[in-house]
Amino acid sequence: MLGKPAPGNGVTTMKKALITGITGQDGSYLAELLLSKGYEVHGTKRRSSSFNTGRIDSIFPDLHDRDARLFLHFADLADSASLIRLLLRIQPDEVYHLGAQSHVRVSFELAEYTGDITALGTTRLLEAVRESGIRTKFYNAASSEMFGNTTEVPQRESTPFCPRSPYACAKLYSYWMTVNYREGYRLFACNGILFNHESPRRGETFVSRKITRAVARIAEGLQDRLYLGNLDAKRDWGYAAEYVEAMWAMMQLPEPDDYVIATGETHTVREFLELAFDCAGMDWRKYVEIDARYFRPTEVNVLQGDASKAAQKLGWRPRVKFPELVKLMVDADRQFLKESLNGQQERRFKAQVLE
C-alpha cells in the first residue's frame with residue numbers, strides 16, 4: 001500500500017504497526033510518534049458500552065478521510081483467535097504490545113485477571129505471531145516493578161528480579177516469554193523495561209495523576225482532601241512522550257535486545273506532592289491524609305534505573321526533568337478543569353436563555 005511520502009524520502013511503501021493498548025497513555029503517544037514517521041497505525045481496543053478513546057480522539061481520522069492512517073480494531077488479549085485474525089489481516093511490520101492490566105494496587109485485588117491478561121495475554125500474542133508466520137518485529141512492555149525489592153541500586157538489565165506484586169509477577173512472566181520466543185523461535189522480540197513514566201494522559205487512579213488532578217480541584221474549591229498511602233516510596237519518574245521514542249528506537253535495530261529506560265533519578269511521593277502543590281501556591285500538608293487502604297500488601301521501596309545501555313545503543317536520553325514533569329502535569333490538569341468549568345457555565349447560561 002502506498003501512502004504519503006515520508007519527509008525527504010520520496011514515495012515509499014508505508015510501514016504498518018499494530019499497537020495493543022493504543023487507547024492508553026503510552027499507546028496514544030506512540031501512535032502519534034509513528035504517524036509522524038509516516039506509518040500506517042492499527043490499534044486494538046476492547047469492546048465496551050462506553051467510549052474509551054479519549055486519548056486518541058485528536059488524531060483519529062474522519063470516517064470519510066481517504067488518507068486515514070489510523071485504524072482501530074476490536075480484539076482482546078484473552079481471545080487468541082481475535083489476535084491471529086488481526087495479525088493475518090494487517091500483516092504489520094512492527095507489533096508494539098502495550099496492553100495489560102497495569103495498575104499495581106489493583107493487581108492485588110484482581111490477581112487472577114492480571115495473570116490472565118498481563119502474563120498469558122503476552123503469550124497469546126507471541127504465539128499468534130509465531131502461528132501466523134508473518135515477518136514482524138515484536139516489542140513487549142516490561143516494567144521496573146519486576147525488580148521489586150532487589151538489593152542492587154540502580155537497576156540495570158543484569159539486575160536480579162524480585163517482584164513484589166501480582167502485576168510484577170505477571171510482567172516478569174511476559175518478559176521471560178518474550179526472551180524465550182526470541183531465543184527459541186528466532187523472533188525479533190525485545191523487552192522495554194520502563195521505569196515510571198507519567199504525563200497529563202496518565203490514568204487518574206495512578207498516584208502521580210491522582211495528585212495533580214487533586215491539586216487542580218482543590219485550587220478551584222471542588223475538593224478539600226487527598227487520600228494517599230506510602231509517601232516514602234522512591235520512584236524514577238520520566239515523561240511518557242519521551243519513553244515511546246525509546247520503544248521505536250529498539251525496533252529499528254538489526255538485532256533484538258532488552259533495555260532499561262529511566263532517568264536515573266529517584267524522588268519520593270512526598271517530593272512529588274510538595275512540587276505539585278507548590279505549583280498552585282499551596283501547602284500539601286493542609287490537604288493530604290494517609291489512608292491505609294492505599295498501602296500495598298508488599299511494598300517496593302526504591303526503584304532507580306540505569307539507562308546507560310539505552311544511551312549507548314539507542315542514543316536515547318531523557319530530556320524532561322522531574323520538576324518540569326510535575327509542573328507540566330499540574331498545569332495541564334488545571335487548564336483542563338478550567339475549560340470544563342467554563343463549558344458547564346456556558347451550558348447553564350444557554351439553558352437559562354432558552355427558558
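The model is a predicted one. The protein has 10 helices and 13 strands, and 50% of its 355 residues count as buried. Among contacts with a separation of 6 or more, 79% involve residues 24 or more positions apart.

**How α4 and α5 pack**

- A pair of packed helices is described by the angle between the axes and the distance between them.
- Helix α4 covers residues 111–132 and helix α5 covers residues 166–185; their axes lie 8 Å apart, at an angle of about 15°.
- Because angles under 35 degrees count as roughly parallel, α4 is roughly parallel to α5.
- The crossing of α4 past α5 is right-handed.
- On the α4 side, the contact includes Ala 111, Thr 114, Gly 115, Thr 118, Ala 119, Leu 120, Thr 122 and Thr 123, together with Leu 126, Glu 127 and Arg 130.
- On the α5 side, the contact includes Pro 166, Tyr 167, Ala 170, Lys 171, Tyr 173 and Ser 174, together with Met 177, Thr 178, Tyr 181 and Tyr 185.
- Sorted by class, the contact of α4 with α5 has 11 nonpolar, seven polar and three charged residues.

**How α6 and α8 pack**

- The axes of α6 and helix α8 (residues 269–278) cross at roughly 30° and come within 10 Å.
- With angles under 35 degrees counted as roughly parallel, α6 is therefore roughly parallel to α8.
- This pair, α6 and α8, has a right-handed crossing.
- From α6, the residues Val 207, Ser 208, Ile 211, Thr 212, Val 215 and Ile 218 meet Val 269, Phe 272, Leu 273, Ala 276 and Phe 277 of α8.
- Sorted by class, the contact of α6 with α8 has nine nonpolar, two polar and no charged residues.

**A closer look at Ala 276**

- Ala 276 is part of helix α8.
- Its relative accessibility is 0%, so Ala 276 counts as buried.
- Leaving out residues up to four places away in sequence, Ala 276 touches Ile 211, Val 215, Val 326 and Val 330.
- Ala 276 and Val 330 are 54 residues apart in sequence, yet their C-alpha atoms are 6.4 Å apart in space.

- Helix α6 (residues 207–219) has 13 residues, and the 18 Å from its first C-alpha to its last is close to the 18 Å expected at 1.5 Å a residue.
- The buried residues of α6 are Ser 208, Arg 209, Lys 210, Ile 211, Thr 212, Ala 214, Val 215, Ala 216 and Ile 218.
- After α6 comes Gly 221, with a positive phi near 75°.
- Helix α7 (residues 240–251) has 12 residues, which should span 16 Å at 1.5 Å a residue; the end C-alpha atoms are 18 Å apart, which agrees.
- In α7, 10 of the 12 residues are buried, so this helix is largely enclosed by the rest of the structure.
- Buried residues of α7 include Ala 240, Ala 241, Glu 242, Tyr 243 and Val 244, as well as Ala 246, Met 247, Ala 249, Met 250 and Met 251.

**Backbone details in the loops**

- Most residues other than glycine have a negative phi, and most peptide bonds are trans.
- Val 153 and Pro 154 are joined by a cis peptide bond, with omega about 0°.
- Pro 154 sits in the loop between β5 (137–143) and α5.
- Gln 91 is not a glycine, yet its phi is positive, at about 55°; Gln 91 lies in the loop between α2 (80–90) and β4 (94–97).
- With a relative accessible area of 42%, Gln 91 is partly exposed.
- Arg 186 also has a positive phi, near 60°, in a residue other than glycine; the loop between α5 and β6 (188–194) holds Arg 186.
- Arg 186 has 69% relative accessibility and so counts as exposed.

**A buried glutamate in a loop**

- Glu 145 is in the loop between β5 and α5.
- With a relative accessible area of 6%, Glu 145 is buried.
- Setting aside neighbours within four places in sequence, Glu 145 is in contact with Val 104, Pro 163, Tyr 167, Ala 168, Arg 235, Arg 296, Val 300 and Leu 303.

Conventions:
Residues are numbered from 1 along each chain as its sequence is written. This is a predicted model: local features need pLDDT of at least 70, side-chain atom pairs count only at pLDDT 80 or more; totals for chains, interfaces and linings use all residues. Side-chain values use heavy atoms; hydrogens and water are left out. Axes are lines fitted to C-alpha atoms, for helices over the stretch in contact, and angles run from 0 to 180 degrees between N-to-C directions. Helices (H or I, at least four residues) and strands (E, at least two) are DSSP runs, numbered from the N terminus. Angles under 35 degrees count as roughly parallel, over 145 as roughly antiparallel, 65 to 115 as roughly perpendicular and the rest as oblique. A crossing is left-handed if the near helix is turned anticlockwise from the far one by less than a right angle, and right-handed if clockwise. Contact means heavy atoms within 4.5 Å. Ala, Val, Leu, Ile, Met, Phe, Trp, Tyr, Cys and Pro count as nonpolar, Asp, Glu, Lys and Arg as charged, and the others, Gly among them, as polar. The expected span of a helix is 1.5 Å times one less than its number of residues. Buried means under 20% relative accessible area, exposed over 50%, partly exposed in between (1.4 Å probe, protein chains only).
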